[in-house]
Amino acid sequence: MKKTLSVVLTSAMALSMFSSVAFGKTSADFTDLKDLDAATKVKFDAMITAGIFDGVTETTFGLKDEMNRAQFAKVAALIMGLEVNKDLKTSTFTDVSVTDAANGYALPYIEALKTAGVTDGYAEGQYNPAGKVTKEQLATFLVRVLGQDAAAKGKTGTDTTVSGWAQGYVALALELKLLSNGTDGKFGGMTNATRDLLVTGAYEAKQQYVPAGKVSVTGAKATGVQQVTVSFNKPVDTAKATLALTKGTLAVASTVKFTEDKKSAVLTLTDYKITEGNYSVSLSGLDAAAVDKATANFTAENEKVTKIDFVNASEKIALSNHVKMKLKAVNQYGENASFIGGSYTAYVNGSTANLTRNDDTGLLELNVDTTTVGGNPSQPEVSVLPVNVFFTNSSVSVQKTFKIGTAPYVTKVELGDVSYPNNAKALMNKGEVAEIAVTRIDQYGDAIASDYTGAADMKAEVIVTPYSNDAFTIDKAVTDWGKVKVTLSKNVEKDTDFTLTTYVGSASATKTVSVKSSKVANKVEIAPYTGTIAEADTNKYITLVAYDAAGNKLSAEDIVTNAKEGRFTIQTSGATLATGTGIATVTVGGANTGIVESGEHKGQLKLATIDATERGIVFLNVGIYSSETQNNDTEQFTVQEGRKPVTITVVTDPASKAILGADSKFKLVVKDQFGETLDGRAGLLNKYALKTSVTGAAYGTIDGQDADYVYANNQEYSGNAFTGFNKGFVFNTDGDAGKMEFTAQLVEIVNPADRTKDKEIKKVTKSIETVASSTELTYALTAVSDLYAALDSSQLTTGQKDAPLTLLTGRTLEITAKDNAGNNVVIPQDRIVGVTSSDSNVLKVTFDPAGKAKLNGYKAGTANVTVTFTAANGEVKDMTTSVKVKGDAVAVASLTAGNTTKTVDNDAVPAVYDIMDLALTDNYGIEYKGTNIDGYKLLTGGLVYTVSGVTGGTVSVDQTTGAVTIGAGVTEFTLKAISNNGKTATTLVTVID
């Protein structure tokens, strides 16, 4: 005889049947399940409500009853979701008959298992429906449900209570926690399985089961007035999956939350209620090849009230000018009904009364004056008040007669949950507020209203423990009645739970307000300094790194705040801390901290001067010393010799040749012995100098690149003033043909009285040759990048299109030249005398008589542009190049702020894009700056500006004009620009008056 139920299960088993059938019963309907623990009840409820199990009677489940093979067949077929022909009357097994009074019901389930290849019976032609199912057979079934047959065959066991063939299956079932050993440590595999084991074992298998095949949406239904539950046949990839709800063609906005097992999801409607009609839920975001059924439809009904109940605790109510009666109206989903109070009709002692709905609790509230009944003064403990409430135009109602008791007095105080800002779980920052709702309960269990005539004698008092006279500010005006409201007066050093005890008369209640240490420095470090500190240096910035109690790194703003609160003790020797404007001082006492409070170096320690001499030591000690924290860090720096110039470095070379009228920039800088650019220092005066000279002045002139530093031929720069030199120069070829040279000579002044003895350190010569117009040159057009079809776009104004020479979306043609040796030759860009397009429907060209040619795209396509120009020798030549015009929409490719920090005068505030020096580059490589950022906002999508981190007042940005308004007292703020596709740029702004 066969010892096992022959099971050939594959991953196609549909354990999702557990959640697809609902018969209404739960474990609460059976007397022998009442003592189950909560976790086990969940498992039983899942199986019972799915219709997999029912009781042996209406009130008895049969927890320890043994299962026979007929019962097992029904459970297996239902778990697998097999197609069952309940009209079937004949079995292929000789011992299975519909006339069998005990087991005949199982015939269609047994045949379904055989058809599915799950069983071939117990013996030849027999199924043995009355036979029992052993624990090891149950273990085998559950393991195979999970597709772990091969894994089980690879395992062994030594449990003497388990048959040899089942050892691997039992071992794996125990490992997967599908079943468990008995209290004796043995499995008891050959004993018969009871119904409780099958329920819990099958439930555990369901949690781990992942069916093979494609994902399908198996159902959707309204489970709340603003909630839809969607189920799947298997777990979905929640990182990719998205769900959309529609009613007809109307998209219904919702948020989606997937369950932990990823087999279902709840859609919460954001601004819409479920109403009567047909809905559809669509699944997307997954690989199409992995999805079978991506939609589910359901029909919903309008919300309706199914039940109304009073929630007042007693049959009596207080004698008061204001008694608040509470009622609960429930809808068909078991929720508090969402209908407003006006949807109900109330009669109090025969007279109509108004109800309101408390949106916080979802309850209905009926305010009643019980001091009179029927126009007569109420008699305490004698008078009664009948109240009838019904949902208008329906039969759903509730009626109750209350006896009027005595005047209310507080017997109990109830405190609501602590409400922290932004749904946080604790107060974290100075100024944050926590609120706790306070309810005074009278002798009948009802809330006392704030406008009760005796309310003035029911004020609340709040005691905070552990005692703190400065951690909290209690809002007395608010706390007197409706709520406890506390404000965090200062940031705390360590996480602390404060107990707030609220007293009203002799009644009291407590709540814990949690305060997290945030932005309070509990540890400070001096960051490694990578620069050089030299004798007589000024303005050296040392970075401080601070952490709060949780180990979070503090921002520069936080460091400044801690400094102003006197959190840091700073000691120096060999250097002097900076003082004055821009340096934080302790709020109480005014002590200097040396910490920069705004701008590029915000939060850094500024050493105004290095006082120690060469090979001396600069010593720093930064510490935190309080009752809760003792921490410090020290650093010392060896002072190097004073900075001196040692070389001249070439940053940019000029062109080697130029046609008359062309310009070429070049840049040289002085470097010190540490490789840093040296703009000079006072101690170098009369010790070092930078001599310059120009030869070939007849061939052109030299100017400084920076207008603030005018260059004069043969100029000498003193050792304390190299800045103008370091700004760079320009060769202007505005003379005759020939070679012009610029020489820079760095010297050490040996004897200020005799400069002939100067000692040369470094000499650099740069030259440019102005070539004759007759020079043979080879010309080329610079490549023209793809153009946008701007002239055909509705995103540009008529005024912009009518000025093609200044249209930013176009491109200017440029001509380059080389001599016969291949050297680049700079030429003036006014050589063009004409330009044409091969297809003006694709490419529009505009010629400026000043010698410039502008190309603008009209419609998508390709066109050739031909340029006619005058060569240096006077010949008129032409060149042709191909230009592509595209219709791809303009998008922001990059957004940068040229100014990461900026100081502005509040008396003359530039526009936001000028403060930030914004540069917006689109996908065609076109750059927009200044007013063009606003002028082309229809094309680029525009920018949105935000303001954060304001210190000392208010700041606003006009989103239309870009105008920035800075309120009085503002010292610092951060500007942020955001494009419509998420690109961002920020600038830290320091304000001066």
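**Helix packing up close**

A: Happy to start with Lys 43, which sits in helix H1 (residues 38-49); helices (H or I, at least four residues) and strands (E, at least two) are DSSP runs, numbered from the N terminus. Please keep in mind that this is a predicted model, where local features need pLDDT of at least 70, side-chain atom pairs count only at pLDDT 80 or more, and totals for chains, interfaces and linings use all residues. Residues are numbered from 1 along each chain as its sequence is written, and side-chain values use heavy atoms, with hydrogens and water left out.

Back to Lys 43: its side chain makes a polar contact of 2.6 Å with the side chain of Glu 204. A polar contact is a pair of N or O atoms within 3.5 Å; within protein, one must be able to donate a hydrogen and the other to accept it, and residues adjacent in sequence count only if both atoms are side-chain atoms. Setting aside neighbours within four places in sequence, Lys 43 is in contact (heavy atoms within 4.5 Å) with Val 199, Thr 200, Tyr 203 and Glu 204.

Now for the helix pairs. Two packed helices are described by the angle between their axes and the distance between the axes. Here axes are lines fitted to C-alpha atoms, for helices over the stretch in contact, and angles run from 0 to 180 degrees between N-to-C directions. The axes of H1 and helix H7 (residues 195-208) come within 9 Å and cross at roughly 90°. H1 is therefore roughly perpendicular to H7; angles under 35 degrees count as roughly parallel, over 145 as roughly antiparallel, 65 to 115 as roughly perpendicular and the rest as oblique. From H1, the contact takes in Thr 40, Val 42, Lys 43, Phe 44, Ala 46 and Met 47, while H7 brings Asp 196, Val 199, Thr 200, Ala 202, Tyr 203 and Glu 204. Sorted by class, the contact of H1 with H7 holds seven nonpolar, two polar and three charged residues; Ala, Val, Leu, Ile, Met, Phe, Trp, Tyr, Cys and Pro count as nonpolar, Asp, Glu, Lys and Arg as charged, and the others, Gly among them, as polar.

Let's turn to the next pair. Helix H4 (residues 135-145) packs on helix H6 (residues 167-175) at an angle of about 65°, with axes 8 Å apart. H4 and H6 are therefore roughly perpendicular to each other. On the H4 side, Glu 136, Ala 139, Thr 140, Val 143 and Arg 144 make the contact, and on the H6 side Tyr 169, Val 170, Leu 172 and Ala 173 do. The residues of this contact of H4 with H6 are six nonpolar, one polar and two charged.

Which residues of H6 are buried? They are Gln 167, Gly 168, Tyr 169, Val 170, Leu 172 and Ala 173; buried means under 20% relative accessible area, exposed over 50%, partly exposed in between (1.4 Å probe, protein chains only). The buried residues of H6 pack against H4 and helix H5 (149-153). Just after H6, Lys 177 takes a positive phi of about 60°.

Further on, Lys 186 lies in the loop between H6 and H7. With a relative accessible area of 35%, Lys 186 is partly exposed. Leaving out neighbours within four places in sequence, Lys 186 is in contact with Asp 159, Thr 160, Thr 161 and Asn 181. The C-alpha atoms of Lys 186 and Arg 567 are separated by 65 Å, and these residues are 381 apart along the chain.

Helix H3 (residues 107-115) is mostly covered, with seven of its nine residues buried: Leu 107, Pro 108, Tyr 109, Ile 110, Glu 111, Ala 112 and Leu 113. Just after H3, Gly 117 has a positive phi of about 80°.

Finally, the promised side notes. Thr 496, in strand E26 (residues 496-504), is buried at a relative accessible area of 18%. Its side chain reaches the backbone oxygen of Lys 494 at 3.1 Å. Beyond neighbours within four places in sequence, Thr 496 is in contact with Pro 466, Val 513, Ser 514 and Val 515.
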